[in-house]
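Q: I would like to learn how to read a few features of a structure. Can we go through them one at a time?

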Amino acid sequence: MRSYITEFIGTFFLVFTVGVTALTGAPLAPVAIGAILMVMVYAGGHISGGHYNPAVTLAVLLRGRITMADALPYWVAQVAGGVVAAMVAAYVINPSAVRAVSPSGRGVWVALVAEALFTFALAYVVLNAATSKDHPGNSFYGLAIGFTVAAGAFTVGGVSGGAFNPAVAIGAASIGLFDWTRIWVWLVAELIGAAAAGIVFLALNPSDRAPVRASAA
């Protein structure tokens, strides 16, 4: 239960930051988002692994670091934290109008590629920086994870919305930032990217197939 509550709290602050910066049009939103993810990973990594992202949890599951029995409640806690955070963000900002990201035509494939690539990058960094037995007890995993999200948001945020996280996508859709009819674009892309990261990690680190004790994830 400690892990599930930690996942809820971390995802809440991540999505709250995403929601407020998106609704206010903050120019340095990627910096704020990467920073809050970094500090929340450091805050909760020793308890739950600091996933705060159903896609990351999928990658960690495929990597063999957690079991399905833990993954399922992690996903529930993450999505619940994301939806609650989005609602609170909308209440705090109370925007007069919200323009939804709604890719269509070629934009659907562009968004799919962008989200899949940076979700892969995020999950790949988490697995290597926070779960590899070659980096036991390191102090840089939070920085690596936070900067990956910031880099992705700066790079493709204007293309796909820069979610890289199903909890963020669902939270954003719940307050009108993403089009519900296109939510599958984000979910499919992010799950594909995360699954690919888990497979590639195991292929490149065959000795890490057995679960190992790590400082995060």
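**Spans, cavity and ring pairs**

A: Start with residues 12-33: their end C-alpha atoms lie 12 Å apart, and the span is 82% helix and 0% strand. This is a predicted model. An unreviewed UniProt entry places the feature "transmembrane region" at several spans, among them 12-33 and 183-204.

Q: How far apart are the end C-alpha atoms of residues 183-204?

A: They lie 32 Å apart, and that span is 100% helix and 0% strand.

Q: How is a cavity found, and which residues line the largest cavity?

A: Rolling a probe the size of a water molecule over the atoms shows where empty space is left. Here the count comes to 1 cavity of 30 Å³ or more, with a volume of about 30 Å³. Its lining consists of Val15, Val18, Gly19, Ala86, Val168, Gly171, Ala172, Ile175 and Leu177. Helices α1 (2-24) and α7 (166-174) are the elements that give two or more residues to this lining. By type, the lining residues are 7 nonpolar, 2 polar and no charged.

Q: How is an aromatic pair described, and how many are there in the whole structure?

A: A pair of aromatic rings is described by the distance of the centres and the angle of the planes. The whole structure has 7 aromatic pairs. In one of them, Tyr42 and Tyr141 are tilted, at 5.2 Å centre to centre and 55° between the planes.

Q: Why does the pair of Tyr42 and Tyr141 tie together parts apart in sequence?

A: Tyr42 lies in helix α2 (residues 29-48) and Tyr141 in helix α6 (residues 141-160), so the pair joins parts 99 residues apart in sequence. Tyr42 is partly exposed at 31% relative accessible area, whereas Tyr141 is buried at 7%.

Technical notes: Residues numbered from 1 in each chain as written. Predicted model: local features only at pLDDT ≥ 70, side-chain atom pairs only at ≥ 80, totals over all residues. Heavy atoms only, no water. 1 Å grid on protein atoms, 1.4 Å probe; cavity = no way out; pocket = protein on both sides within 12 Å on 5 of 7 lines; lining within 4 Å. Points joined across faces, edges and corners; volume = space filled by probe spheres on them. Helix = DSSP H or I, 4+ residues; strand = E, 2+ residues; numbered from the N terminus. Nonpolar A, V, L, I, M, F, W, Y, C, P; charged D, E, K, R; others polar. UniProt positions renumbered as here; feature names shortened; annotations may be inferred. Phe/Tyr/Trp six-rings, centres within 6.5 Å; stacked < 30°, edge-to-face > 60°. Buried < 20%, exposed > 50% of the residue type's maximum accessible area, 1.4 Å probe, protein only.
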